[in-house]
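Please view the model alongside the text.

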Amino acid sequence: VWVTGSLLGCASKSDTAKTTAGTEVQTAKETEQDLKKEEQSSEEKKADSAIGEITVYSPAPAEPLEGGVNAFTQATGIPVNVVAAGTGELLKRVESEAENPLCDVVWGGGAESMQSYASYFEPFVSAEDSVIPDSIKDSNDFWVGESPVPVVIMYNKDILDQLGVDVPDSWEDLLDPKLKGMISYADPGKSGSAYTLLCTMVTAFGKDDDKGWEFVEKLYQNLDGKVQGSSSNSYKLVADGEYAIGLTQEKSVQEYLDAGAENIGYVYPKEGTSAVPDAIAIVKGCPNPEGAKMFVDFILSKEAQQLQADQFNRRPARGDVSAPGTLCGLEEIPLVDYDFEWAGNNKAEILERWQEIIVNN
């Protein structure tokens with residue numbers, strides 16, 4: 001937990017007056033205008049800070065989380081109390097505090113996880129709503145996506161060469177017998193990203209006619225009983241050369257590539273993948289609703305989205321902010337028609353189906 005305070009900038013010194021009288025007058029006027037603007041800005045920050053501290057629950061990585069919170073405090077003067085933990089833990093906390101909410105905003109949970117707890121959120125349409133695609137917003141306005149996160153097939157080229165296997169370009173390629181026991185995938189009951197992957201694969205092959213579950217059963221058989229206990233293992237074990245394939249998120253692999261890794265890569269499977277967004281939502285009955293609305297509007301603002309893209313390599317939700325330079329545009333990725341409500345509202349049944357596959361194999 002940390003608390004950020006307002007970050008105060010230093011006023012710049014006025015320009016040196018020029019030698020001509022006319023220029024001196026103009027410089028004085030400009031200086032007076034600048035001071036008035038600074039006074040107005042100061043008054044706005046004072047008004048904002050009078051709203052009081054807000055509390056944000058977030059599972060986001062430390063750097064983008066701290067960067068976004070500090071930028072908000074600098075812009076508004078409003079301090080933020082951050083409680084950082086896993087998505088599941090934080091949402092259960094929101095549920096347990098429903099009669100007396102202690103949190104104002106949940107920022108960074110996967111959209112289907114947020115959908116599962118939608119009854120604990122307050123509907124809110126952001127001032128930035130018009131630039132956020134409908135495909136990454138809740139139809140009832142309980143949450144809004146703030147950063148799409150594609151799931152991918154990660155590979156270690158050296159290990160694939162040793163196994164005599166080509167780089168996969170599809171989910172179907174994961175059923176190659178040569179890959180048995182060499183695919184790293186986390187337990188979807190413990191990992192939010194693994195749950196997204198499960199729903200994505202089921203959707204890609206058909207969630208309504210059982211063909212998706214037939215594929216998942218074959219994939220589980222090719223895991224050879226090896227299911228990872230954490231989502232980080234899905235990519236770390238591949239990067240370390242212990243597994244040939246990892247089912248994970250684009251951003252996790254991209255960090256290795258940006259750091260100069262040459263033996264790993266990732267693909268967007270041709271049957272289609274998903275780009276389920278990290279989302280943001282206001283807690284129903286929260287202590288500081290006005291501050292919560294300001295925080296959501298800020299995180300969705302062009303300024304904050306640009307900062308997250310430029311400094312932390314996160315995909316923007318806004319249509320008017322480009323993806324970070326190392327990533328292709330979302331429109332270039334084959335995407336399934338991901339049903340957030342199905343994935344969010346039927347999580348217990350979907351995980352029960354997964355457990356049945358484990359028991360039967």
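Axes are lines fitted to C-alpha atoms, for helices over the stretch in contact, and angles run from 0 to 180 degrees between N-to-C directions. Helices (H or I, at least four residues) and strands (E, at least two) are DSSP runs, numbered from the N terminus. This is a predicted model: local features need pLDDT of at least 70, side-chain atom pairs count only at pLDDT 80 or more, and totals for chains, interfaces and linings use all residues. Residues are numbered from 1 along each chain as its sequence is written, and side-chain values use heavy atoms, without hydrogens or water.

The axes of α7 (residues 211–223) and α13 (residues 347–360) come within 10 Å, crossing at roughly 45 degrees. α7 is therefore oblique to α13 (angles under 35 degrees are roughly parallel, over 145 roughly antiparallel, 65 to 115 roughly perpendicular, the rest oblique). Contact (heavy atoms within 4.5 Å) involves Trp-213, Val-216, Glu-217, Tyr-220 and Leu-223 of α7. On α13 it involves Ile-350, Arg-353, Trp-354, Ile-357 and Ile-358.

## Buried face of α10

Helix α10 spans residues 289–299. Its buried residues (under 20% relative accessible area, 1.4 Å probe, protein chains only; exposed is over 50%, partly exposed in between) are Gly-291, Ala-292, Phe-295, Val-296, Phe-298 and Ile-299. Seen down the axis, they fall within an arc of 160 degrees, so they line one face of the helix. The arc is that of the directions from the helix axis to the C-beta atoms. Their cover includes β4 (105–110) and α11 (302–312).
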